[in-house]
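Dear colleague,

Please find the structure below, followed by an account of what was found in it.

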Amino acid sequence: MSEKVACRWPLFCLLVCVIGLVEGRPSIREDPITTDDPRCGYESCHPTKPNMLNVHLIPHTHDDVGWLKTVDQYYYGSETLIQKAGVQYIIDSVVDALLRDPNKRFIYVESAFFFKWWREQTSELQEKVKMLVNEGRLEFIGGAWSMNDEATTHYQSVIDQFAWGLRRLNDTFGECGRPRVGWQIDPFGHSREMASMFANMGFDGMFFGRLDYQDKDNRLMTKTPEMIWHGSANLGETSDLFTGALFNNYQAPAGFCFDILCADQPIIDGKHSPDNNVKERVDTFFKFVTRMAESYRTPNLLLTMGEDFNYQNADMWYKNLDKLIKYANERQANGSNIHLLYSTPSCYLKSLHDAGITWPTKSDDFFPYASDPHAYWTGYFTSRPTLKRYERDGNHFLQVCKQLSALAPKKAAPFEPHLTFMRETMGIMQHHDAVTGTEKQKVALDYAKRMSVAFRACGTNTRSVLNQLSTNEGAQPGRRRRSAYPFEFKSCSLLNISSCSVSESNEPFAITLYNPLAHPANEYVRVPVLGYNYVVTDYNGAELNTQVVPVPAGVSKIKHRASVAKYELIFLASDLPPVGYKTFYVQKSDTDRGHMNPSSAPRKTSSLISIGNKDLQLLFDTNGFLTEIQADGMARTISQEFLYYVGAIGNNEEFLNRSSGAYIFRPLDNKVYAVATQVDVEVYKGHLVEEVHQKFNDWISQVVRVYRDKPYAEFEWLVGPIPIGDRKGKEIVTRFKSDIQSNGVFYTDSNGREMIKRKRDHRDTWNLKLHEKIAGNYYPVTTKIALEDDTARMAILTDRAQGGSSLEDGALELMVHRRLLHDDAFGVGEPLNETEYGDGLIARGKLHLIYGQPIQKAIERQTQLETLLPPWRFFSSMSAYTVDEWRTSFKNIYTGITRALPEQVHLLTLEPWHENELLVRFEHILEKDEDPLLSKTVQFNINDILNTFNIEDIRETTLDGNAWLYDTHRMEFVPDAEEDDSYNNYAIFAKSVKEVHLLSAQKPLLATKYLDEALPAGELGAESNRLKRKTQREPFEREKPSNTIKKSPLSGDDDTKFIIELAPMQIRTFVVYLEKST
Ligand SMILES: [Zn+2]
């Protein structure tokens, strides 16, 4: 944000400016503006008319960053037989139309597409587009790299993709390129964390399209589709976000799609034309907006005039909109009180704000989303489990790559483009048809390919930096120079099926563990190897204790696993330095090092099997199933098994015939089937880990393990190929059943952060009528699902997004894999039948079970972090170095920060930003009541942590890193004083529910109860005159100055200290200015 923007709180601003601006610091980009007086945003809105119903026409296009076609196919417009969609033509055509008429408006959302287009334009046209942006004629909305999904995305990746999209807009357009409004019109349900993130990025509001059909009916009936959403249970008003549900998803009113892709009638105004339809068109339009106005509180309506990939021929739209506006507004001369105008979501939001009324509030979220009684969009929580895991791996490696790029002593030329390629690929992956698994198979493969290229690109960065660091900045080049660097630092992407070419050779190799957390880490490392006699040596020359277990039978038999490794070598890498690495040297030993060929303990059919450590024991019954857990001083009943649902099959022509598919989960007859009554087990016990290898059937197996000093049990499942010989699609779940009295209540995380309370067969905001007892109780689990009573708590952490539920008290289930044979008719046009190597796709993943007293939440939070960002494993061949040469010639331990962060603080981001800048985020990882000690506000000195960098200055920004925090002022909206009867103040129409119901297909399924609550009659014209409820509330207060960086009053000039405070769940973002290297 430009510093030219005047400060509304001069005193506060002065204070911060004096601290922040010791001298003319580089700001976050000045406006590269062509006009002296940019009038974008709220200043560029066309005026509305008082005492009229103002209809804000929003020309827009919804451009999926991949769905039925790949990203590039959409951009270039190829594969027209699949979908006639070419984004480059859209932007070409819209810009041309906007340049010809200053009255017109357009919004653009997806930065991934926009900047692809931008690169290809001449500087002359770029200047013209800047003019359009500066004058508010072309407005960026949302602005992230893609319009991210909200159920299956992790907050770290969402923040990253907003940071990047908004940065590109800021770098290119300055202040006028900064979106003010979130635009989540297509994602399939909405998370509370997303609202919180929008608020903390400084957005004034957000609009969305999809919510449960019952919720929507209810809201439209009660004039509550627009609300203040409390985005956080911890952060207070700073996380409140004005949020509006759109009336007609994001489509134009029926009959008013003027796109080249639509078949609706244009407006025919030839005076003597026999086809002249002006009167009919305007009448129909007025009927629509009059009906719509009944559901909204102010005399302003937002009409989305566009659809998927609309405006490839923008003139068709604009020409007809011009006529519609003209003929509709002409009627004002004859007493009409309807006014049409070109507008944008932010101009609409401003009108709502200026109406000065109060708004309802909301504290839960919009999950799950049902579009009809039998279409619960809860299947996509799990769809394409391997792509979902790959995406999470991508986030993991992106963070590693960012950190190492920030720590690089020397940056080679392609450094920045490599990192940016990975940033942008991860931005694409967040799209609501990417990580969701709701794209066509070919598109999923394209996403995976992009990811693999991104891994390679960033891998050249990490290899360069690690070589520089381990050879002391290249001062001692290796003896054998196959390339410029001595070591490969190779990532093995198939470690999850115990395969890695470097460790599977007979040569010695090194494994470098890079710890991206700002705390020391202890990691049990598993490495695929050929035999069972190995020596692992650390940087001091000490030999480590090791254990060897066989690769599980289920993994060995995977047909396409091109690996000769039969064993996994395990050792404990302890005290891995924060934001740093340790390297270990591994070599085969000829002499027996005391390792026995690992053999399973004989299975005694008559007695229980147990595995565990001193704090945690798992017992298995004689059938091989988990039966008891001993933890935290308790011995409690628990079971775990695999089950499956059969996907419903139907022709989708009516609700009752809905199929289970990529989006929809619909189990046939709500029945679940067990996969086994007897489980084959092998038990392996050593001094580092004890594990049970379970085989449930030919296509489901699992390893349950407990490490010597970890507080959790690990369940590593292997599912697939899911058989379809019986022509039945199957959806596989694992279910943990405990004796905890959970009373229908369980908790799921919101994008990996705050937990949200769920109650079976219940929604907080309306009286639920559930027609799908199982699917309708499924919620997105990004990282955690839990339940508890007064005595015990069971939490399960996932390694990727999955759907989950508690269908009976004490039980938690997660859907791990699905293979279906029918499409669910929401557009993707393919059954979700993933295959690889000619057979059903095999998926493998891990769950972490944490069981104990209800007070264990801090352990869960820390384990969540360790699960998300464990040390990254880099492998290098050591055939050129003996262990002694390796030890004496190279730097095998390194940390990039001066001191570890406090236990409850996470270094969420450390990345190179602009030249000589770092972007840094600190996060408090606990909620306010999760732990008596760690949930407190915490204070630390940034300079103590980042002292390895030559810091010149530090300035705080909004969450996205592109606007100064002190300079950011959000619009204030005032909540209703009393929520229970608030709608009566605005309700002025009485209409039967049938007329309002918006489902295109027959029968409203709402009970008639709304009819009984008929609202008092009134007239539209009265709308703008009604009395507004006065609010008792004081104006919204921005954050207190104490919440910004303060200089320690004790410090001298040369010892500037930057002490910051973090409250529970708070994230604070800083741009760190580094001294220019000479
Ligand atoms: Zn979409």
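A residue counts as buried under 20% relative accessible area, as exposed over 50%, and as partly exposed in between (1.4 Å probe, protein chains only). This is a predicted model, in which local features need pLDDT of at least 70, side-chain atom pairs count only at pLDDT 80 or more, and totals for chains, interfaces and linings use all residues. Residues are numbered from 1 along each chain as its sequence is written, and side-chain values use heavy atoms, with hydrogens and water left out.

The disulfides come first. A disulfide is a pair of cysteine sulfur atoms within 2.5 Å, and by this rule there are five. In one of them, the sulfur atoms of Cys257 and Cys262 lie 1.9 Å apart. The torsion about this S-S bond is about 60°, so the disulfide is right-handed. Cys262 is partly exposed, because its relative accessible area is 24%, whereas Cys257, at 6%, counts as buried.

Another disulfide links Cys401 and Cys458, with an S to S distance of 2.1 Å. This link is left-handed, with -85° about the S-S bond. Both Cys401 and Cys458 are buried.

There is also a zinc ion, coordinated by His62 (NE2), Asp64 (OD), Asp186 (OD) and His432 (NE2) at 2.0 to 2.1 Å. Donors are N, O and S atoms within 2.8 Å of the metal (3.2 Å for Na, K and Ca); water is not among the atoms, so sites may look incomplete. Of these residues, His62 is buried at 1% relative accessibility, and His432 is buried at 0%.

Yours sincerely
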